[in-house]
Amino acid sequence: LITGGTRGIGLETARQFVSEGAQVSVFDIISQDIEQFNTWSKANNHTAHAHQVDIADPKQVSEAVEKIDRQQPLDILINNAGIARE
């Protein structure tokens with residue numbers, strides 16, 4: 001599971017894990033980025049999937065992690081999400 005996984009370092013990390021055969025889930029908040037990630041994954045027959053989750057909301061995070069963990073136990077968590085303020 002990679003938070004902030006649809007852009008930048010998170011996206012590149014997800015791509016690397018996928019290239020090594022890992023099943024990858026990513027959390028992000030920006031719906032357009034999530035759609036692009038899922039389109040890329042499907043087009044390339046990958047098992048990666050992006051979920052819209054606001055990691056600042058503990059309830060959203062807990063529910064999403066529980067759902068993912070029921071399908072495939074989580075082995076690795078990369079806390080990558082962040083914001084850049086100008």
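The conversation below takes the terms in turn and sets each value against its definition.

Mentor: This is a predicted model, in which local features need pLDDT of at least 70 and side-chain atom pairs count only at pLDDT 80 or more, whereas totals for chains, interfaces and linings use all residues. Residues are numbered from 1 along each chain as its sequence is written, and side-chain values use heavy atoms, with hydrogens and water left out.

Trainee: How many helices and strands does the protein have, and what pattern does it follow along the sequence?

Mentor: The protein has 3 helices and 3 strands, where helices (H or I, at least four residues) and strands (E, at least two) are DSSP runs numbered from the N terminus. Read along the sequence, they follow the pattern β-α-β-α-β-α.

Trainee: What makes the protein as compact as a globular protein of that length?

Mentor: The radius of gyration, taken over C-alpha atoms, is compared with the globule rule, which is 2.2 Å times the number of residues to the power 0.38. For 86 residues the rule gives 12 Å, and the protein has a radius of gyration of 12 Å, so it is as compact as a globular protein of that length.

Trainee: Why is Thr-3 called buried?

Mentor: Buried means under 20% relative accessible area, exposed means over 50%, and partly exposed lies in between (1.4 Å probe, protein chains only). Thr-3 has 5% relative accessibility and therefore counts as buried. This residue lies in strand β1 (residues 2-3), and its side chain reaches the backbone nitrogen of Asn-80 at 2.8 Å. Leaving aside neighbours within four places in sequence, Thr-3 is in contact (heavy atoms within 4.5 Å) with several residues, including Phe-27, Ile-55 and Leu-77.

Trainee: Why does His-49 count as partly exposed, and why is Asn-38 called buried?

Mentor: His-49, which is found in strand β3 (residues 49-52), has 38% relative accessibility and so counts as partly exposed. Asn-38, which lies in helix α2, has a relative accessible area of 19% and is therefore buried.

Trainee: What joins the side chains of Asn-38 and His-49?

Mentor: A polar contact of 3.4 Å joins them. The term stands for a pair of N or O atoms within 3.5 Å; within protein, one must be able to donate a hydrogen and the other to accept it, and residues adjacent in sequence count only if both atoms are side-chain atoms.

Trainee: Which residues form the largest nonpolar core?

Mentor: A nonpolar core is a set of buried Ala, Val, Leu, Ile, Met, Phe, Trp, Tyr and Cys residues joined through side-chain atoms within 4.5 Å. The largest one has 10 residues, among them Ile-2, Leu-11, Val-24, Phe-37 and Ala-48. The elements that give two or more residues to this core are α1 (8-19) and α2 (31-43), and α1 gives the most, with 3 residues. A second, separate core of 5 residues includes Leu-1, Phe-27, Val-53 and Ala-64.
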